[in-house]
Each structure stands twice: as structure tokens, then as C-alpha cells.
Amino acid sequence: MRKINKILIANRGEIALRIMRSAKEMGIRTVAIYSEADRNALHVRYADEAVCVGGPKSNESYLRGDVIIDVCKRLQVDAIHPGYGFLSENASFARKVQEAGLIFIGPTPEAIELMGSKLAAKAAVARYNIPMVPGTEEAITDVEEAKQIASQVGFPILIKASAGGGGKGMRVVEDVESFEDQMKLAVSEATSAFGDGSVFIEKYIGSPRHIEIQVLGDTHGHIVHLFERECSIQRRHQKVIEEAPSAVLTPELRDEMGRCAVNVAKACDYVGAGTVEFLVDENLNFYFLEMNTRLQVEHPVTEQITGLDLVKEQIRIAEGNPLSFQQEDLAIYGHALELRVYAEDPANNFLPDIGRLETYIRPQGLGVRVDDGFEQGMDIPIYYDPMIAKLVTFGKDRKEAIDKMLRAIDEYKITGIETTLPFGKFVLQHEAFVSGNFDTKFIERYFLPSLLEEQATDESEEIVATLAALLLTNHSPKATAGTATGNNQNASSWRKNRLK
């Protein structure tokens with residue numbers, strides 16, 4: 001065992017702050033790194049020490065592994081927490097961290113490498129009889145041979161990049177005639193995005209749910225799962241709304257998927273926090289998709305339903321401590337939702353939006369959590385992921401969590417840029433989501449930009465009616481001018497936010 005006294009967080013924004021807060025509660029000092037674009041960022045001000053590591057672009061700063069390690073040596077740092085994104089799943093960086101005598105708060109480089117290749121991961125877990133989507137077990141290069149395999153699997157099929165993620169290097173192929181062109185596109189995109197053009201074929205599941213299982217493993221061979229997260233509300237194959245637990249899993253299916261997730265972790269001797277992702281079809285058959293060897297963006301919903309601090313667990317594991325609980329000690333309490341508040345315009349195909357946060361007021365109250373890295377007056381930089389915050393709500397059941405999220409969305413005041421807040425409200429009020437009868441095609445099936453305009457119009461009509469009532473009340477002898485004026489200002493600001 002090795003005590004950690006100082007941690008460098010090799011990341012930025014909300015996840016850097018998230019990690020620092022847990023470290024502070026543990027009495028651990030923190031070091032922030034930042035780019036020139038993040039000089040005034042909240043995570044820089046919060047840390048005990050902060051060092052600029054380069055220019056605004058990621059490859060000039062947050063991806064400079066050697067510079068980051070040099071900072072650790074200079075400031076006598078014990079460990080590096082990579083957060084997610086950037087260097088979090090870079091096996092070469094993790095190895096260099098260890099070689100420098102530092103602790104990497106995450107899995108081993110070997111586990112990162114193994115699970116970083118979808119084909120290698122499938123081969124590693126095969127001996128545990130984990131359900132797999134029908135398809136090839138190795139990379140394909142010969143187009144004619146690939147056509148024959150695709151025909152045997154049955155169209156539609158999915159061509160996927162072995163080293164991929166986030167929907168890059170992925171093509172749905174409906175028939176044999178379009179196969180060759182789609183395969184060339186997938187290989188080209190995979191090569192450009194990952195430097196690896198390896199692709200493979202899977203049966204395309206038309207109406208899947210995306211359900212993942214959180215796992216924790218220590219250095220003593222103990223691995224547990226922390227139940228599931230439903231992540232089916234997505235745009236461009238990336239998540240927007242997550243919840244825990246899923247509305248459709250039975251206790252029996254949850255246990256079975258949990259056991260499979262633990263076995264996937266065993267297949268690579270996993271240490272730390274990781275996530276095993278599955279596709280679940282309309283008949284509740286599930287199939288192994290991949291393993292993410294890092295802390296996930298959506299980890300707060302798991303924390304809410306288990307009462308565990310996953311960052312603290314990561315740090316304790318990295319110090320060499322055994323898990324302080326067993327599988328039978330874990331249980332689900334209540335229900336949690338997370339909305340990723342992106343600086344994106346849902347009415348314009350979710351394209352990123354940049355600008356200044358002219359108004360930025362967080363929602364508050366029981367059961368509401370906001371993980372963010374911004375404050376009013378700050379600019380949204382163009383160099384990084386457009387996520388502003390993670391809005392999380394927790395209730396005794398799914399309905400209460402949804403009700404709290406709707407209230408929190410209404411309270412969240414953001415002007416100066418477009419965000420995914422109105423989209424989140426649209427989803428949470430849609431019958432398909434409320435009933436739990438939805439999948440990863442939700443946006444394709446139900447969402448049109450014009451629906452947001454209708455939603456805004458309906459809300460503005462409600463505001464007008466409220467203002468009219470207030471004006472009538474204001475003429476009453478019992479009314480006070482201060483009350484009427486205050487409500488009018490709040491409603492006007494709210495209206496501008498929704499209708500701009």
C-alpha cells in the first residue's frame with residue numbers, strides 16, 4: 001500500500017473539479033493543469049496548485065503527457081487522475097506514469113490496451129460465454145470475403161472500427177450493393193480518427209437499448225458491479241440523457257448482466273472503476289458491446305443510487321486498499337437522472353454553439369446536483385467538448401426523479417448560447433420516455449426542431465397568462481408593487497431565455 005498525498009488532475013472543467021472535491025474531503029492536495037484558454041477556469045482557481053502546460057488546443061496542452069509527468073516530478077505529486085477523455089484511455093501514457101514512479105489512478109496499461117480494441121476484447125471475454133452480437137471475430141480487409149460474411153450474418157449489418165468509439169468508423173449497410181462503398185468509408189474514417197483502419201462486421205440490431213454496468217475492481221482480485229445505467233437517449237451515437245436504474249431490467253436480468261460485466265472485468269484483470277457496455281434488443285436479449293476503461297461522464301447517477309463516491313473508491317483502490325464492501329452489501333436506493341447540458345443547438349442538428357454565458361444561474365433544491373466548470377460571464381471555448389454541465393436529479397422513484405428534473409430545467413437560466421436544456425424537457429415530457437418504451441432511435445423517431453418551437457410557444461403563452469393575472473392582482477388594494485415588479489422581471493428573463 002502507498003499513501004497518496006498529492007494528486008495531479010490531468011483534465012479540465014467539471015470532471016477536474018469533481019475529482020478535486022473528493023480529494024479535498026480525503027485530505028489530499030491537488031494540482032491543476034490548464035491551457036492558455038483555461039487560465040481563468042474554475043478548476044484552476046479551486047486547486048491547491050496550478051500549472052499552465054501549453055496553448056489552447058488539446059495537443060498543445062492536455063495531451064502533452066511528458067510535460068504533465070514533468071510537472072508531477074517538479075511538484076512532488078504522488079498520483080495522476082486522468083478523468084475521462086484526453087489521456088484517460090491512453091495505455092502509453094499510463095505506462096509512462098508508472099515508469100516515472102507515479103500512481104496512475106485507473107487500470108493497468110495492459111487492460112487499457114486489451115479493451116481498447118473491440119476485437120481483442122471480444123476474444124478475451126469469449127471464454128466466459130458472454131453473449132455477443134453475431135459477426136466476425138477478427139478484422140476484415142478483403143471486400144469480397146466481407147460481402148459473403150455479411151450475407152451469412154444477414155442484412156442489415158454494421159461495419160465498425162475496431163479501435164473506434166463515439167460512432168466514428170461506423171456504417172450501417174442495408175444491402176450487398178452498397179456494402180463496398182460503405183466499407184471503404186468506414187476504413188477511411190477509422191484510419192483518420194484512430195490511426196487504425198481495422199474494421200469488423202456485426203449484425204445490426206434495429207431497436208437497441210444502450211445499457212451499461214459500472215464495475216469496481218481492487219488489486220486484491222475483488223470485482224463487484226454497481227448495477228446499470230440506461231444510456232439510450234443519444235445523438236450522433238453519443239449520450240445526452242442517462243438514468244439509473246433502467247426502467248426495463250428485471251431483477252433477474254440485472255443480476256445476469258451484472259455477472260457478465262464482472263466476468264468481462266476478470267478477463268483483463270481489471271483494477272479501478274470501469275464500465276461494461278451492452279446492447280439490449282426488444283426481447284431483452286443482451287449482447288456485449290465494449291468496455292470503457294475509465295470513469296464515465298454519467299457516473300453521478302450510479303453514485304446517487306448506491307451512496308458511493310466513485311472517485312474516492314478509485315483513489316483508495318490506487319493506494320492498494322481492498323474494497324470495503326462485497327456484492328451482497330450493495331443495493332439500489334431510489335432513481336437518478338442525468339442531463340448533459342451541452343452548448344449545442346438542438347434545433348440545428350445539435351451543432352455546437354460558442355459564446356459568452358451572459359446569464360448562468362444553477363437550479364437548486366433537494367435532489368438536484370449540478371456538476372459544472374463554468375460561471376456567469378465565462379466564454380465557452382471552441383477547443384474542447386461543448387459540455388457545460390451535468391444536471392442530475394434524484395428521487396425515491398423514477399417519477400419523482402423526472403419531476404425534479406423538469407423543475408430543475410425550468411430553474412436553470414442560461415443565456416448567450418443555445419443549450420440542450422429545452423431538448424431535455426422535450427424528452428422527459430414525451431410519452432415514450434415516461435413509459436420507458438424507447439431505444440437509441442428516440443431522436444430519429446420522435447424529435448423535430450419545430451417541436452421545440454411549439455414547446456417554447458406554449459410556455460410563452462403560459463407566461464403571458466401568468467403576467468396578466470399578476471397585473472390584475474397588482475390593481476388590487478392588497479397587492480404590493482415590489483411583488484408585482486419582481487415577478488415581472490423574472491418572467492421576462494425566463495421568456496427571453498426560452499424564446500431567443
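## Salt bridges

A salt bridge is counted here when a side-chain nitrogen of Lys or Arg lies within 4 Å of a carboxyl oxygen of Asp or Glu. The structure is a predicted model, in which local features need pLDDT of at least 70 and side-chain atom pairs count only at pLDDT 80 or more, while totals for chains, interfaces and linings use all residues. Residues are numbered from 1 along each chain as its sequence is written, and side-chain values use heavy atoms, with hydrogens and water left out.

By this rule the count comes to 40 salt bridges. One of them joins the side chains of Arg-95 and Glu-113, at 3.3 Å from N to O. Arg-95 lies in helix H4 (residues 91-99) and Glu-113 in helix H5 (residues 109-116), so this pair ties together parts that are 18 residues apart in sequence; helices (H or I, at least four residues) and strands (E, at least two) are DSSP runs, numbered from the N terminus. Arg-95 is partly exposed, with a relative accessible area of 25%, and Glu-113 is also partly exposed, at 43%, where buried means under 20%, exposed over 50% and partly exposed in between (1.4 Å probe, protein chains only).

## Pairs within helix H12

In another salt bridge, the side chains of Lys-399 and Asp-403 meet at 2.8 Å, N to O. Because these two residues are four apart in helix H12, Lys-399 and Asp-403 are separated by about one helical turn. Lys-399 counts as exposed, at 57% relative accessibility, whereas Asp-403 counts as partly exposed, at 37%.

Glu-411 and Arg-407 form a salt bridge as well, with their closest N and O atoms 3.3 Å apart, and this pair is likewise four residues apart in helix H12.

## The largest nonpolar core

The largest nonpolar core has 41 residues, and those with the most contacts inside it are Leu-391 and Phe-433. Such a core is a set of buried Ala, Val, Leu, Ile, Met, Phe, Trp, Tyr and Cys residues joined through side-chain atoms within 4.5 Å. Several elements each supply at least two residues of this core, among them strand S11 (238-244), strand S21 (387-395) and helix H13 (421-429), while helix H12 gives the most, with six residues.
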